[in-house]
Amino acid sequence: MNGISVRTATLLALAVIILLAPVLFPSSFYYRVGALIFINGLAAMGLVVLVGYAGQVSLGHAGFSGIGAYACALGPVHLGLPPLVCVALGAAVSGLLAFLVGRPILRLKAHYLAVATLGLGILIYMVINNEGWLTGGPDGMTVPSLGVRSLLKGYGIKVTSSEMWYWISGVVLLAGAFVALNLHNSPAGRALRSLHDSEVAASTIGIDVARMKLTAFVISAVYASVAGSQVALMNRFVTPDVAGFMHSVELLTMTVLGGAASVLGAVVGATILTALPQVLTVFEDFEHVLLGLIMMLVMIFLREGLVPSLARRMRRSAP
Amino acid sequence: MSEFLQFLFSGITVGSVYALVALGFILIFNASGVVNFAQGEFVMLGGMITYFTYSAGVPLAAAAVFAILVTCLAGVALNKLAIGPARGASVVSLIIITIGASIFLRGLAQVVFDKQLHRFPSISGDDPISIGGATILPQSLWIIGGALGAFLALYLFFSHTLTGKAVLATANNKLAAQLVGIGTNNMMTLSFALSAAVGALGGVLMTPVTLTSYDVGLTLALKGFAGAILGGMGSPFGALAGGLLVGLIEAMTAGYISSEYKDAVAFIVILLVLFVMPNGLFGRSALERV
């Protein structure tokens, strides 16, 4: 790369997007969509580490989002914890669960791994959905406020909830991108990426394949959990759908759509899949038809995902 | 005892539907190495098309045949338009393509048909047959017969016909199959058509008992997939046994433990089987070529 590294360029691009996008927002509704994009982007970034770097697939990461979300819903009520501690608690529980189930699950390959993670996600969903006495069941439950707005009010600053969450999720997204990009260039990241190409080759040069996969799994679970916590705190309400299979599919699709190995791609994928339903409400009944079509077309014609495919095309056309 | 029999009957009935889905899964997986998440949509199409053709005044048998044929076309289209062009793509891409196909077909059914639950009459009436204090619907016997019939037909097809062996050869080594003069593309098309037909048959048979709607596919795909994995993702026998097992485990759990967690137990069993025997109950281990 001439001049600046991919890492700096990506971080700069993200920061500029986060700072300048509000200029184009005609109403505060767009702050909400923006916040949702950043939150989904964070979860997708976690999957970039797992899918793009380490080459492992997961169809169950919404389960970890569910843990993060319900930690924020249950923690303050049952344990009397402040919301921020609950975010950390959710992340810790998700990380621990990923650590415990990761080793046996990650021994599996490709489709078997897909179905095992899918099973894990569905089990988490079922527990949330069925244990109504604790989680409110399918009806969901309310989530206590983060308390930042009332704090700001004390200083005479008034912001809408959507605006505040736009900036919070934007900063968290930047932090997530910073960690993921640093990992990419670290020895651990290079080890991770070596398994993507060939696990046998990676192990012959002394890489602890099982441990590296587990690391990626735990990292991605923590990302998904923090994303889930943010959604719960922003909406002040949470339903089991946050942990559902379709949400897992959405997260994986966001990751791969933008380019599985690209941190910027995760945000692009999240933007498309989050903004699309808002745009497609015009077509109402055709929403699913179009979503399915887009998923198939991108995967057939832009296999590496949007960002890497377009970057390659631009590089080729450059003199 | 009669209670146990009742759970057994219901387990075998749903298990037979799962077995049909699992059989469809392995047909495509064997031929192309693709796990088709849209498999459940074939079942949905089978039921929905039959219902709407039947309500238009066509006799039930003709409506069922028509539905199976149309679903076959959908399977062939899936291969030609989505899986074929993406050949050589990564596993994750293929998973997303078939999930995309599943969402697409579900969306299409919702637009072309409707969002209601539908059923059409059973083949041999709705009078339950009583056996040992438990009852079973005649339609359940048709479902079980359908699964056994499909299994037997596929078994004979693969072991006793030249075309069947050609499909197996294609699955085993595409290049080698081409070298001995097998039209591998045709074999691939055939596998998708057969798989869709088996799925649609499941839809036609189950609808009088379980009803159908545009969104029944996903759950069925997951359970059928579970059955296929349990059976080792290879032989038709594994798929049949795996599907039946998932149905039985589910029914017993619903009966004796908790109906809320009946779906969970299927997945717990799958996770355990994968941990202990990563190649399923009847599968052989595959070597990774480096």
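Let's start with one residue. Ala147(B) is buried, because 30 other C-beta atoms lie within 10 Å of its own, and the cut-off for buried is 20 or more. Keep in mind that this is a predicted model. Ala147(B) sits in helix 5 of chain B, residues 138-160. What does Ala147(B) touch, leaving aside residues up to four places away in sequence? It touches Ser16(B), Ala19(B), Leu20(B) and Leu240(B). Asp127(B) is 20 residues from Ala147(B) along the chain, and their C-alpha atoms are 22 Å apart.

Stay in chain B. Helix 3 runs over residues 60-83. It has 24 residues, so at 1.5 Å a residue it should span 34 Å. The C-alpha atoms at its ends are 33 Å apart, which agrees. As a reminder, an α-helix has 3.6 residues a turn, so residues three or four places apart point the same way.

36 residues of chain A are in contact with 36 residues of chain B. Which elements of chain A give two or more residues to that side? They are helix 5 (110-130), helix 12 (245-258) and helix 14 of chain A. Helix 5 of chain A gives the largest share, 11 residues. By type, the chain A side divides into 25 nonpolar, 7 polar and 4 charged residues.

Now chain A as a whole. It has 15 helices and 2 strands. Its radius of gyration is 19 Å, close to the 20 Å from the globule rule for 319 residues, so chain A is as compact as a globular protein of that length. The C-alpha trace spans about 55 × 45 × 45 Å along its principal axes. Of its 319 residues, 52% count as buried. Take contacts in chain A with a separation of 6 or more: 78% of them join residues 24 or more positions apart.

Back to helix 5 of chain A, this time with helix 3 of chain A, residues 62-79. Their axes come within 8 Å and cross at roughly 30°. The cut-off for roughly parallel is under 35 degrees, so these two helices are roughly parallel. Helix 3 of chain A brings Ala62(A), Gly63(A), Gly66(A), Ile67(A) and Tyr70(A). They meet Leu120(A), Gly121(A), Ile124(A), Tyr125(A) and Ile128(A) of helix 5 of chain A. That contact has 7 nonpolar residues, 3 polar and no charged.

Next, helix 15 of chain A: buried or hardly covered? Hardly covered: 1 of its 12 residues is buried.

Last, two loop residues. Arg236(A) has a positive phi, near 55°, and is not a glycine. It lies between helix 11 (209-235) and strand 2 (237-238) of chain A. With 14 other C-beta atoms within 10 Å, Arg236(A) is partly exposed. Leu211(B) also has a positive phi, near 65°. Its loop joins helix 8 and helix 9 (217-230) of chain B. Leu211(B) is partly exposed, with 15 other C-beta atoms within 10 Å.

Terms used: Residues are numbered from 1 along each chain as its sequence is written. Chains are lettered from A and ligands numbered from 1 in the order in which they are written. This is a predicted model: local features need pLDDT of at least 70, side-chain atom pairs count only at pLDDT 80 or more; totals for chains, interfaces and linings use all residues. Helices (H or I, at least four residues) and strands (E, at least two) are DSSP runs, numbered from the N terminus. The expected span of a helix is 1.5 Å times one less than its number of residues. Two residues are in contact if their C-beta atoms, placed from the backbone, lie within 7 Å. Ala, Val, Leu, Ile, Met, Phe, Trp, Tyr, Cys and Pro count as nonpolar, Asp, Glu, Lys and Arg as charged, and the others, Gly among them, as polar. The radius of gyration is taken over C-alpha atoms; the globule rule is 2.2 Å times the number of residues to the power 0.38. Axes are lines fitted to C-alpha atoms, for helices over the stretch in contact, and angles run from 0 to 180 degrees between N-to-C directions. Angles under 35 degrees count as roughly parallel, over 145 as roughly antiparallel, 65 to 115 as roughly perpendicular and the rest as oblique.
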